[in-house]
There are 2 protein chains.
Amino acid sequence: MPYRAPVADFQFLLDHVVGFEAVPATEKFAEATADTVTAILTEAGKLADEVIAPLQRNGDLQGAVLENGVVRSSPGFKEGYEAMAEGGWIGISGDPEYGGMGLPFTLTASVNDMIAGACLAIGLNPLLSQGQIEALEAHASDELKELYLPKLTSGEWTGTMNLTEPQAGSDVGALTTKAVPNGDGTFAITGQKIYISWGDHDMAENICHLVLARLPDGAPGTKGISLFMVPKYIPDENGNPGKANDLRVVSLEHKMGLHGSPTCVMSYEGATGWIVGEEHAGMAAMFTMMNNARLNVGVQGVGVAEGAYQHALAYALERKQGKTPIENGTGTIADFADVRRMLVQMRAETYAARAISLACSTAIDMAGATGDKGWKARAAFLTPIAKSYGTDTGIKVAELGVQVHGGMGYVEETGAAQYYRDVRVTSIYEGTNGIQAMDLVARKMMDGGDMAFRLLDEIEGTAEGARETLGELAKPVWEAAETLREATEWLVEQDLQTRFAGAVPYQSAFARVLGAYYHLKSAIAEEGRGPRTALAAFYIERLLPDHASSLEQARAGAEGLYALSVEDLAV
Amino acid sequence: MPYRAPVADFQFLLDHVVGFEAVPATEKFAEATADTVTAILTEAGKLADEVIAPLQRNGDLQGAVLENGVVRSSPGFKEGYEAMAEGGWIGISGDPEYGGMGLPFTLTASVNDMIAGACLAIGLNPLLSQGQIEALEAHASDELKELYLPKLTSGEWTGTMNLTEPQAGSDVGALTTKAVPNGDGTFAITGQKIYISWGDHDMAENICHLVLARLPDGAPGTKGISLFMVPKYIPDENGNPGKANDLRVVSLEHKMGLHGSPTCVMSYEGATGWIVGEEHAGMAAMFTMMNNARLNVGVQGVGVAEGAYQHALAYALERKQGKTPIENGTGTIADFADVRRMLVQMRAETYAARAISLACSTAIDMAGATGDKGWKARAAFLTPIAKSYGTDTGIKVAELGVQVHGGMGYVEETGAAQYYRDVRVTSIYEGTNGIQAMDLVARKMMDGGDMAFRLLDEIEGTAEGARETLGELAKPVWEAAETLREATEWLVEQDLQTRFAGAVPYQSAFARVLGAYYHLKSAIAEEGRGPRTALAAFYIERLLPDHASSLEQARAGAEGLYALSVEDLAV
């Protein structure tokens, strides 16, 4: 069975679960009518199924290569990319003034999920452009906007993000790339950047690098960093790619997976750049780009989870081993309890992770449409959870997918291993999941936990409302929310180091409770009868309970982490 | 930091934790004196560190290849193999009559753990010979024993196990390979076998295939299967490799990892074989081989966990990012709470998994030395737990190792990714961890749970004994054992399908409680003061709590697994 975008799940989640109905009710997104949403989901599904999914194996087996200083992309990728660009799929949420459709980011996230499930390597490319479009819309001069946004939105040009340097990873403030004014309003950018996804390729006519660098009078640390647009080819007076800029690809990383997505070491050698936003305010501009990019990476995890799940299910339904243990079974290994358990878990986790990401994107849309602080806080709070749970789910589900395949999962020919290798990077890039957790328990809880408590109120309210009709599902969700509330009340009273010690398990527990909440809402929408109710029961009964041990770990404090000295660790 | 075999941990576990002191007190193993044990551990550690570890990257980057029908092993592997053979490391536990040292299997397991941590791919080879030695010792005719055992024990020849066929994986009984009597006491073996690890290579002068096949009058299913010795070269009258047998390597699998270990598709084309054991009793003979092989695979997981842990720790202690959050820190990322959490978890899980595997091997030794049913039952019960927890730990720790490395973990050059890719097969081969769990809750609990309860008595007794001195650690261990006892009492009353539905989470919970128990014993041995006590506290406080949610899942029953129809799953 080839990949089939789960259009019905998106439709159900948007119609009944994540509160998306508020979005088309706003003035900004009035055009996102039910018909439009359905049309977008359906057409994107076709693109993913028919055009993108066939590229998945090519990207792995014939990865991008660096030849004579230029990157050649995998066979078929150029055509696949052009289909995404020509269909307008890159600029779904772009400003209509620059050729975008102006539709909610939730639809972009849905489409990106489908594309990632079909082929993560190629799906990563438009994500970078989308992040760049947002950053430019928010911070660039009108001149830069007019020059770059139409090309990025149409997909004629693509974007990259240049943050990391060998010594400056999670600590971006340690970067040493320099920007020196040329005297004509432009800047000479010099330095080396690593981990630049799609830093070069042959699928579009220009590549626009957003580069973090330090001006001569920039302070040390993050406060002295500025953001620059550094195109591969400097646009001529007509806005067409002109002379080559002074930058080059030094090498491609040899990665565990995602071979179809070239990860470049970039060298800027006095390259001409244009400042984006204010001097020394580059981090703020980059954060605009990074927030939605983080959600988009979570979405990648969900997409790969879907692909790995469908792949494993198809294999299980073909593979016969021994006598079926159930009546009216399929006669395949999908009848065996433990294989079935893995398959249902894969589906239940993927569904929950998708719901969380769509709830996050809905909040982003509402924040954008209303400017409301509450929506902004909700979007900000849900982003690290969506990023980490989406990617953890992608990794977990791909791992289960390998296991369902048995020996064939370890053999590359089946493709199960590719999902496992490809998705592994998602819990690392765009801020590791540990960094997400630190963001969650520190910055995102500077409100004293207010946003967390509002989410918990919402969960408990829904659970209370379903007490009569769906008590068996509602009660454990309510209780879990209460346990999470107590842990949150404790957490916000702690110093930062104590919070950080428990940040990752706290983040996991929050995702678990949210996942159960959206499953419960699905069951409520089905009035307790239907496949999503059965899925909800599985999640709530079998997976939700681990929130308790996660919270015990979250509350265990920092001291025990340092009770073993470094010398003792190294014994 | 290159790999360093954790000799001190082995010594401590054997001296204080896993009950190994009973082994040299038996007549059979009287020679396993304290000095001998220390010498074996120390020398094996040197071999692993100095000879085997340097092969790790070769095995990945220049994997085994099939050239003109023969397998060429990775650079340096032949010399590494010869060092293992010449040092006598393959036959540590072999019968002295055939050149073995006759030492406890626990020492074999310890050495295999070290070798696997240094380089899993080459370490897999002697495991197969060791399994074959055991099977031959138990079932072969004297003639076969005299011909093969000395060569296998010395490592001049190596062994393989041939069970799987394309349609017969977990369902071994579906195999179709035929054995037809030649009339001279030998048999003509015809069929195709897959997943044959080290099915061919250039490191030894002969390769001895143990092959499961069906005689013409063999019943369908597992009851009609016999076991045959089918050597690559038929020994001549002097017992030296003579004429080539009618078998060949069809192809090598292209795997996610373990590239240094050739995984062969073997074709037997009327090859000459000698029966091992009785006709139609091949499964029983194979199980002799499989039981210790299963433990040995668990040990592989532990070894890789150790390698991945040491690798990540070394990286963390070199990598500087941002300002250290603690006083008197190292100034590296190992100071950050979440990185430290990952590192300590890696060490704590590895330590627990190693303790369980050594407790299992100790029971095997005691069973072998005393013939006592209780020891046999203990060994049998612990085997699936040691196999599954060891390999799950290998995978989990390698995953954390990648995460500690950040972006560098996804780049192949660091080697972190290799651990992750290599170890992934261990939860699949030698019976998937799901198969182990089914074995645990069915066959291994046909005693009505008696062995489980005896283990729980032991755990609770130890915890009670430590109540005064180490109450904070002992109490949660005692409580967890009680929760596990209740779940076990429930489980043994259930039908098979219900047990199978919860088998994997039950198995995980049992491993978790056992892991905590051995950590507690380590703390007791340190009298509550020392690094192992700190490690125990981490494990008991932060990791043990998840036994509760695992047991909730174990008790959730089978019905909910099938509440979603196959059609609903495929939506």
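Trainee: What is the relative accessibility of A:Glu67?
Mentor: A:Glu67 has 38% relative accessibility and therefore counts as partly exposed. With a 1.4 Å probe and protein chains only, buried means under 20% relative accessible area, exposed means over 50%, and partly exposed lies in between. Please note that this is a predicted model, in which local features need pLDDT of at least 70 and side-chain atom pairs count only at pLDDT 80 or more, while totals for chains, interfaces and linings use all residues. Residues are numbered from 1 along each chain as its sequence is written, chains are lettered from A and ligands numbered from 1 in the order in which they are written, and side-chain values use heavy atoms, without hydrogens and water.

Trainee: Which residue forms a salt bridge with A:Glu67?
Mentor: The partner is A:Arg72, and the closest N and O atoms are 3.2 Å apart. A salt bridge here is a side-chain nitrogen of Lys or Arg within 4 Å of a carboxyl oxygen of Asp or Glu. A:Arg72 is partly exposed as well, at 36% relative accessibility.

Trainee: How many salt bridges are there over all chains?
Mentor: The structure holds 54. Another one joins A:Glu165 and A:Lys193, with 3.0 Å between the closest N and O atoms.

Trainee: And how many between chain B and chain A?
Mentor: The count there is 0.

Trainee: Then how much area do chain B and chain A bury between them?
Mentor: They bury about 7,600 Å², of which 60% is on carbon and sulfur atoms. This is the accessible area (1.4 Å probe) that the two parts lose on being put together, summed over both. In chain B, the residues that lose the most area to chain A are B:Tyr410, B:Arg542 and B:Leu569, together 12% of what that side buries. The contact (heavy atoms within 4.5 Å) takes 84 residues from chain B and 84 residues from chain A.

Trainee: What rotation superposes chain B on chain A?
Mentor: A rotation of 180° with 0.0 Å of shift along its axis does so, with an RMSD of 0.0 Å. That is the relation of a two-fold axis. The superposition is by least squares on the C-alpha atoms of residues with pLDDT of at least 70 in both copies. In chain B, the C-alpha of B:Asp546 is nearest the axis, 3.3 Å from it. The same surface serves both copies, as 100% of the contact residues of chain B recur in chain A.

Trainee: New topic: which residues touch the most other members of the largest nonpolar core?
Mentor: They are A:Tyr506, A:Phe510, B:Tyr506 and B:Phe510, in a core of 363 residues. Such a core is a set of buried Ala, Val, Leu, Ile, Met, Phe, Trp, Tyr and Cys residues joined through side-chain atoms within 4.5 Å.

Trainee: What is B:Phe510 in contact with?
Mentor: Leaving aside its neighbours within four places in sequence, B:Phe510 is in contact with residues including B:Phe381, B:Ile385 and B:Leu484.

Trainee: Where does A:Arg443 lie?
Mentor: A:Arg443 lies over the face of A:Phe287, 5.4 Å from the ring centre. The criterion is NZ of Lys or CZ of Arg within 6 Å of the ring centre and within 35 degrees of the ring normal. In chain B, B:Arg443 lies over the face of B:Phe287, at 5.4 Å from the ring centre.
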